[in-house]
Amino acid sequence: SPANPKELMLASQLVQVSEDNGQTWKTISPDLTRNDKSTEGPTGGPVDLDQTSAEVFPDISSLAASPLDGDVIWAGSADGLVHVTTDHGAHWKMVTPQGLPEWTQISSIEPSHVNKGTAFLTASRYMWDDFHPYVYVTTDYGAHWSPINAGVPDDQYAFVIRQDPSDADLLFLGTKTSVY
C-alpha cells in the first residue's frame, strides 16, 4: 500500500493483507468476482485438457490502494466487476461503470494522487474480438463514471492508465500498440 509501506496486499478472488512480511494474512473482502462456476472448471476440450488454465479467470485482475488514504482500496475483476472500500475492507461496494460490457477484464485501476474519491480505470475485451479502448474516470468513489477515451483509435484496446504524481492533469494511457 502506498499509504502504508508495511502493508502488503494480495488478491485472488479475495483481498488479503499482511503487515508482517507475509507471515500472516487477513482476508478483508468477500469474493469480488462473479463466482461463475462455468469459468472455474478444467479448460481445453473433451479430447485434451489445457493444463495452462488460461480460460479460468474469476480473479481480481487489478488491485490498487489510494496513495492518499490507505483505507480506500479499489478492486477490478477479470470477469468485469469493480468494487471499492473506503474503510479498509469492512464494507465493499460494487461500482462497475454503467454500460461496461459483461465479462470485460479490468486491466488497471489508478487511484488519484490528489483526490481520494477519484480513480482512473482501463478495461479490455480483446479476447472477445472487441478492440475498443474502455477508459473511465470517477470523482465520487465510483458512483458515476465518465469515459475518457476521446482521440484514442477505436481499435486500440487499453491495458493501463497512470496519473503523473507531480501533475494531476497529466495521464498516460498504454494501449495495444501505443502510449497516449
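# Briefing on an all-strand predicted model

Among contacts in the protein chain between residues at least 6 apart in sequence, 43% join residues at least 24 apart. The structure is a predicted model. Its secondary structure amounts to zero helices and 13 strands. Of the 180 residues in the protein chain, 42% count as buried. The chain exposes about 9500 Å², and carbon and sulfur atoms supply 51% of that area.

**The sheet of E1, E2 and E3**

- Three strands make up an open sheet in the order E1-E2-E3, with antiparallel pairing.
- Strand E1 (8-11) and strand E3 (26-27) are the edges; each has a single partner strand, so one side of each lacks a neighbour in the sheet.
- Strand E2 (residues 15-18) pairs with E3 in the antiparallel sense over two bridges, and glutamine 16 stands opposite threonine 27 in E3.

- Leu8, Leu10 and Trp25 make a nonpolar surface patch of about 270 Å².
- Leucine 8 belongs to strand E1.
- The relative accessible area of leucine 8 is 42%; because buried means under 20% and exposed means over 50%, this residue is classed as partly exposed.

**Strand E6 and its two partners**

- Strand E5 (residues 73-77) and E6 pair in the antiparallel sense over four bridges, and tryptophan 74 has valine 84 as its bridge partner in E6.
- The hairpin of E5 and E6 has four residues between the strands, and within this hairpin glycine 80 takes a positive phi near 95 degrees.
- E6 is also joined by two bridges to strand E7 (residues 93-94), and these two strands run antiparallel.
- Valine 84 also stands opposite lysine 93 in E7.
- Side chains in a regular strand alternate between the two faces of the sheet.
- In E6, Val82 and Val84 point one way while His83 and Thr85 point the other way, and all are buried.

**The sheet of E8 to E11**

- Four strands form an open sheet in the order E8-E9-E10-E11, and the pairing is antiparallel.
- E8 and strand E11 (146-147) are the edge strands, each pairing on one side only.
- E10 and E11 run antiparallel and are joined by two bridges; valine 137 has serine 146 as its bridge partner in E11.

**Nonpolar cores**

- Nonpolar side chains tend to be buried together in soluble globular proteins.
- The largest nonpolar core has 15 residues, of which Trp74, Val82, Ile106, Ile109, Leu121 and Trp145 touch the most other members.
- Strand E6 (82-85), strand E8 (105-111), strand E9 (119-125) and strand E10 (130-138) are the elements that give two or more residues to this core.
- The contribution of E9 to this core is the most, at three residues.
- Apart from this core lies another, of ten residues, including Leu32, Ala65, Ile73 and Trp92.
- Leaving aside residues up to four places away in sequence, isoleucine 106 touches Ser61, Ser62, Gly76, Ser77, Gly80, Leu81, Val82, Leu100, Leu121, Thr122 and Ala123.
- Glycine 80, one of the residues touched by isoleucine 106, is the residue with the positive phi in the hairpin of E5 and E6.
- Val82, which is among the core members that touch the most others, is also touched by isoleucine 106.

Notes:
Residues are numbered from 1 along each chain as its sequence is written. This is a predicted model: local features need pLDDT of at least 70, side-chain atom pairs count only at pLDDT 80 or more; totals for chains, interfaces and linings use all residues. Side-chain values use heavy atoms; hydrogens and water are left out. Two strands pair if DSSP finds at least two bridges between them. Patches are made of residues with over 30% relative accessible area and no salt bridge: like charges are joined within 9 Å, nonpolar side chains (Val, Leu, Ile, Met, Phe, Trp, Tyr) within 5 Å. Accessible areas come from the Shrake-Rupley method with a 1.4 Å probe; for residues, only the protein chains shown count as cover. A salt bridge is a side-chain nitrogen of Lys or Arg within 4 Å of a carboxyl oxygen of Asp or Glu. Buried means under 20% relative accessible area, exposed over 50%, partly exposed in between (1.4 Å probe, protein chains only). A nonpolar core is a set of buried Ala, Val, Leu, Ile, Met, Phe, Trp, Tyr and Cys residues joined through side-chain atoms within 4.5 Å. Contact means heavy atoms within 4.5 Å.
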